[in-house]
Amino acid sequence: MTQDMELIREAIAAKIEGVADAGIVQRHERWAQRQDKFRVRYEQDGKIKGWFVRRVRRRSRVLTFKVNEVQNSWVIRGFRSFNDEAASEIEFDRLIESIVEAFRADDTLGGTVITCTTPQASGLQLTESAPVMFAGALCHGAELELTTVTLEGPDEADPVYLRELYLNGDLVASSGDGDA
């Protein structure tokens, strides 16, 4: 039942794209040899409006003899053109909150993961927001973090049933001797 990382990555990107005026969402961190080629990957309507998604960590722990809980941590970085006269920081903060709300409204990313809630964090977290230089321009920059939880186990296991057991607390960490 290992979830395909590309499906999770796609669900994360699609969730951001579903937020009004979110801009361009790259499925991975993009690079280019020339600044003009790089900037166009994040530019929309003559302004920098872009995000990228990167998986940064994978943790696995035994729940039962055959089932592991897998937590993947994702970093989502966003950039928006800076305009002091228009108080663009306020608008960027509104956008961040709209994205956070979109994830809160769908904790399973459309059924792609078991949950985006762990004992440490509930859903999408803002870890940093500050002015940055990006593609040769002053921008607002934000770093968001998301942890997705999936289960991996035998292919014949019913994922809906395992999800229900997990969410009800009926799958518990194994003692390591095969007893759950």
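In this predicted model, Arg58 and Glu152 form a salt bridge in which the closest N and O atoms are 3.0 Å apart. Arg58 belongs to strand β3 (residues 47-62) and Glu152 to strand β6 (residues 137-152), so this pair ties together parts that are 94 residues apart in sequence. The two partners can also be described by their accessibility. Arg58 counts as partly exposed, at 43% relative accessibility, whereas Glu152 counts as buried because its value, 17%, falls under the 20% cut-off.

Strand β4 (residues 68-81) runs antiparallel to β6 and is joined to it by 14 bridges. Within this pairing, Phe79 stands opposite Gly141 of β6. Strand β5 (residues 125-134) pairs with β6 as well, again in the antiparallel sense, over nine bridges. Here Glu128 has Glu143 in β6 as its bridge partner. A hairpin is formed by β5 and β6, with two residues between them.

Attention now turns to Arg27, which takes part in a salt bridge with Glu10; their closest N and O atoms are 2.7 Å apart. Arg27 lies in the loop between β1 (24-26) and α2 (35-39), while Glu10 sits in helix α1 (residues 5-17), so the contact ties together parts that are 17 residues apart in sequence. Arg27 is partly exposed, at 22% relative accessibility, and Glu10 is partly exposed too, with a relative accessible area of 37%.

Arg27 also meets the side chain of Glu17 in a salt bridge, at 2.7 Å from N to O. This pair links distant parts of the chain, as Glu17 is in helix α1 and Arg27 in the loop between β1 and α2, ten residues apart. Glu17 has a relative accessible area of 40% and is therefore partly exposed, lying between the cut-offs of 20% and 50%.

What is the count of salt bridges by this rule? The count comes to 15 salt bridges, among them the pairs of Arg27 with Glu10 and of Arg58 with Glu152. In general, side chains of opposite charge can pair when their charged atoms come close.

Conventions
Residues are numbered from 1 along each chain as its sequence is written. This is a predicted model: local features need pLDDT of at least 70, side-chain atom pairs count only at pLDDT 80 or more; totals for chains, interfaces and linings use all residues. Side-chain values use heavy atoms; hydrogens and water are left out. A salt bridge is a side-chain nitrogen of Lys or Arg within 4 Å of a carboxyl oxygen of Asp or Glu. Helices (H or I, at least four residues) and strands (E, at least two) are DSSP runs, numbered from the N terminus. Buried means under 20% relative accessible area, exposed over 50%, partly exposed in between (1.4 Å probe, protein chains only). Two strands pair if DSSP finds at least two bridges between them.
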